[in-house]
Amino acid sequence: MAATITDAAHLTYDRTQPRWTGGTLKADVDAFIASASVIFSDELAGDRPVGNWIVILQDRNSQLPGGGAVASLPQWDSVVDAIYRMCRAAVVAQSGGGITAGQVAALLAAWNAEIGP
Amino acid sequence: MTFPQPSSDAPVLQSQQYFRLKTGLSSAGDLYESKVGALAFALGPDSDLASVNVTYLDVAAQSAESFILSPDRAFVGRIDARNDVDYPNTPGNRKGRILISSNDMFDDSARPDGYVDADDVIYFVQPTLDVMQYFVNPPSVMPERSDKIFRFLYYPGAQDIVNGVSYLAVPGYGRKSGHFLFRNLNGINTVRVKVFGWKLSTSAAPGTVGAVQSQLYSGDLLTQGTGEYFYLASADGMWDLFLISLGGGAAGFGYDPASPMPTTITLSDDPL
């Protein structure tokens, strides 16, 4: 579990390692995407610097094999990279007034539920 | 990341030939969008970043697609911003805008090896993101990155001037050569100066620390003395940031922030 969204960003690689070796990475990230997507609206300009990362994360995650197969190292890295950057974007977006503390907390909750354990 | 975000709409409405997205990078997650298509993309001359990701909607393939801009490689070809359709298979009905983000790593919460919170201080020079978006056929000669020159006279003082270290991190993404010149104008103290190459990582405390730091230069500058370091990527590697440290080591080699330490750093894409 991560205490802050910054911690979540830094812990993403560690927390996804067992999911990568266990072949559940794609499914778990899909669940994270589903949870995160409802937090950031495409209609709101302030939400999009964070919400747009869902586009990139979804694209990268769609490249991973499903059905319990283990993704390649570059595929794993690409997904971690996108989650990390999305979390970092949330920190900056909140400090800039684009999103609320509640949205950051909701993103952290989604990460803790799908990536963190 | 800038709020509100820079927009390419106005340059198009004003019949300009290009839009220049030039802004400071706050984090590795900074992401900008364009609702306007382009005939070419290139890194701008003032970019500190050497790797910029551009994502767009490939309608024919019915998927998101991306490419990387670098100092050696622009992208020439028509890219449409599809504000009328959604990125497929992506929740949240996200329109097909063009997305621009850093592919380089930057994290101002990273700390050097051996950093002591109570004694040391670190200052990050904010990297510049500079991307050219052309609305007309691009010039035959695409812009290259300019040499970057940093000039400093003083550094932030460590919290413990005697035992602490003052760190300064400057962007060095993709640079292939450089020159670091220091002069100690302290009338009494010798100052220990070091230059490190620093590769950042997505992983940092409290997780597994994945950053790599390598000492490239070390010198004890006598009062009124100078020190210099010539950087060649072919010999010393390529780094995200160059980390300059003043002080540390034996007592008496610390940096007094009241004393000037003239520093000139020149970084180039020329491999020499």
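Colleague: Buried area is the accessible area (1.4 Å probe) that two parts lose on being put together, summed over both. With that in mind, how much do chain B and chain A bury between them?

Modeller: This is a predicted model, and in it chain B and chain A bury about 2,900 Å² between them, with 55% of that area on carbon and sulfur atoms. In terms of contacts, 40 residues of chain B touch 32 residues of chain A.

Colleague: What scores does the model get for ipTM and pTM?

Modeller: The ipTM is 0.95 and the pTM is 0.93. For chain B, the mean pLDDT is 90, and 95% of its residues reach 70 or more.

Colleague: And where in chain B is confidence lowest, and where highest?

Modeller: The lowest mean, 71, belongs to helix 1 of chain B (residues 9-13), whereas strand 19 of chain B has the highest, at 98.

Colleague: Back to the interface: how many residue pairs are in polar contact across it?

Modeller: Counting pairs with both residues at pLDDT 80 or more, there are 15 across the interface of chain B and chain A. Strand 9 of chain B provides the largest share, which is 3 residues.

Colleague: What is the make-up of that side by class?

Modeller: The side of chain B that touches chain A has 13 nonpolar, 19 polar and 8 charged residues.

Colleague: How many salt bridges are there between chain B and chain A?

Modeller: The count between the two chains is 4, while a search of the whole structure, over all chains, finds 19. Asp108(B) and Arg88(A) form a salt bridge, with 3.7 Å from N to O. There is also a network of salt bridges that links Asp42(A) and Arg48(A) with Glu33(B) and Arg97(B).

Colleague: How far apart are the closest N and O atoms of Arg97(B) and Glu33(B)?

Modeller: They are 3.9 Å apart, in a salt bridge within chain B. Arg97(B) lies in the loop between strand 8 (95-96) and strand 9 (98-102), and Glu33(B) in strand 2 (residues 31-34), so their pairing ties together parts of chain B that are 64 residues apart in sequence.

Colleague: Is Glu33(B) buried or exposed?

Modeller: Glu33(B) has a relative accessible area of 14%, which is under the 20% cut-off, so it counts as buried. Arg97(B) is buried as well, at 6% relative accessibility.

Colleague: Which residue forms a salt bridge with Arg20(B)?

Modeller: That residue is Asp130(B), and the closest N and O atoms of the two are 2.6 Å apart. The pair links distant parts of chain B, since Arg20(B) sits in strand 1 (residues 18-24) and Asp130(B) in strand 11 (residues 128-134), 110 residues apart. Asp130(B) is buried, with a relative accessible area of 0%, whereas Arg20(B) is partly exposed at 32%.

Colleague: What about Arg175(B) and Asp269(B), how do their side chains meet?

Modeller: They meet in a salt bridge, at 3.1 Å from N to O. Arg175(B) is in the loop between strand 13 (165-171) and strand 14 (177-183), Asp269(B) is in the segment after strand 19 (263-268), and the two are 94 residues apart in chain B. Arg175(B) counts as buried at 3% relative accessibility, and Asp269(B) counts as buried at 15%.

Colleague: Changing topic to the backbone, which residue has a phi near 60°?

Modeller: Asn89(B) does, a positive value in a residue other than glycine. Most residues other than glycine have a negative phi. Asn89(B) is found in the loop between strand 7 (82-86) and strand 8 of chain B, and it is exposed, with a relative accessible area of 67%. Gln224(B) also has a positive phi, near 70°, and lies in the loop between strand 16 (212-221) and strand 17 (226-232) of chain B, where it counts as partly exposed at 42% relative accessibility.

Colleague: Last one, on chain A: how many residues of helix 4 are buried?

Modeller: In helix 4 of chain A (residues 53-62), 9 of the 10 residues are buried, so the helix is largely enclosed by the rest of the structure. The buried residues include Trp53(A), Ile54(A) and Leu57(A), and among them are also Asp59(A) and Arg60(A).

Note on methods:
Residues numbered from 1 in each chain as written. Chains lettered and ligands numbered in written order. Heavy atoms only, no water. Helix = DSSP H or I, 4+ residues; strand = E, 2+ residues; numbered from the N terminus. Buried < 20%, exposed > 50% of the residue type's maximum accessible area, 1.4 Å probe, protein only. Contact = heavy atoms within 4.5 Å. Polar contact = N/O pair within 3.5 Å; in protein donor to acceptor, adjacent residues only side chain to side chain. Nonpolar A, V, L, I, M, F, W, Y, C, P; charged D, E, K, R; others polar. pLDDT = per-residue confidence, 0-100.
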